[in-house]
Every structure is written in structure tokens, then in C-alpha cells.
Amino acid sequence: MEATAFLKGIGLGGSLIVAIGSQNAYLLRQALKREFVLTCIAICIICDVVLIAVGVAGMGRLITEAPSLLFWIKIAGAGFLFWYGLRALRSAIYPSAINASDDNTAPDRKTVIAAMLAFSLLNPHVYLDTVVLLGSIGGQQPGNGRVYFAVGAMLASAIWFSALGLGARYLTPLFARPTAWRMLDGAIAIIMWSLAISLFL
């Protein structure tokens, strides 16, 4: 029973986390530029672990019963995603702004931490996936099954973010060309704006 719950957690958690979103897009960009990669990976994993634990513990039901809370999270999240989409578009138009070898444009650790936390916590989809969906399903597991389910989902998160952050370095030769950076930032801008619009559809 525990093994089944554990595998359910890994499968469902992995399927939700792997989906392309603002959090994954920002982590990928930082990993390609090799700027505070381990810090970004740690933030992603910690945020997911906490949200999954909170959801399985019963907060998922509370959030579903408080639609006004999700509404304000949507407002803040959409505004942030739209703003970052503009930044990504600017980087796509002016590739010098994303040159990894330019030390003058490299952000400091505090800026990266703030951005990674924003992408992790200001996106309502994160709460719907981790707290509401994983929390509701995990909370239904009998006995200790909810614990094993939560651990499985947390492990899936840790594996994915570590693989994405550490594996992106193998794509570095591809992104040595400004054209590749332009395409990546253009795609990120589209993803950010699409997510912002989808919050209200």
C-alpha cells in the first residue's frame, strides 16, 4: 500500500512539475547562463516540498474554499508574469542584454533569489498543482499512504529541478550564438504572457 502511494506521488508529481511554466523557464535561463544555479535549484525544491507538505496536511481544502485568496494571487501573478515577459522580449530584441560573458549585466544573488521566489510563489498554477491537486489526492491515501505519496511527489520535484538546472550546461555550446538566446527569450516572453492570460480564462 505504501509503495503504491509512493509511486503515485512520483508519477503525478512528476507529470505536473515537468510541464513548461514560468518557474522552469527562469531556472533554465539561469542554468544556461550559469548564474546562481544551485541557489535556484534549492529554492525550487524547497518551495515545492513546503507546498506539497502543506497541501497533503489539509490546506488544499482551505484554498478551494477561499476563492478570493486565489483571485488576488492571480492578480499578483499575472502582473509579475507580464512584466517579466516584457523583460524577456527586450532581451530577445537586444541580445547584448543577455550576453553571458558580460559581467556588467549579471544580476546579483539577491535579485536572482527574489525572482526565483516570485516565479515559485506568485504563480497560482503552483498552488493549484501542489497544494490543491496533490494535496487533495495525497490526503485521500489511507493510513501512512499520504506520507509516502507526499515523499514521492517531493522526490519527483527534487529530481526534475536538479536535472533541469545541472543538465542545461550541456546545451551551452548551442547558446553561444546570439540567435539561440533570442529564440529562447522570445519563447519565454510568449510563455509568460500566455500564462498571464490563462489565469483569467
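Analyst: Let us begin with Cys40, which counts as buried because its relative accessibility is 0%, where buried means under 20% relative accessible area, exposed over 50% and partly exposed in between, with a 1.4 Å probe and protein chains only. This is a predicted model, in which local features need pLDDT of at least 70 and side-chain atom pairs count only at pLDDT 80 or more, while totals for chains, interfaces and linings use all residues. Residues are numbered from 1 along each chain as its sequence is written, and side-chain values use heavy atoms, with hydrogens and water left out.

A disulfide is a covalent bond between the sulfur atoms of two cysteines, and here a disulfide is counted when a pair of cysteine sulfur atoms lies within 2.5 Å. For Cys40, the closest cysteine sulfur belongs to Cys44 and is 6.7 Å away, which is too far for a bond. Cys47 is buried as well, at a relative accessible area of 9%, and its sulfur also has that of Cys44 as the closest cysteine sulfur, at 7.2 Å, again too far for a bond. By this rule, the count of disulfides is zero.

Widening the view, we come to Val50, which is placed in helix α3 (residues 37-64); helices are DSSP runs of H or I with at least four residues, strands are runs of E with at least two, and both are numbered from the N terminus. In contrast to the buried Cys47, Val50 is partly exposed, with a relative accessible area of 45%.
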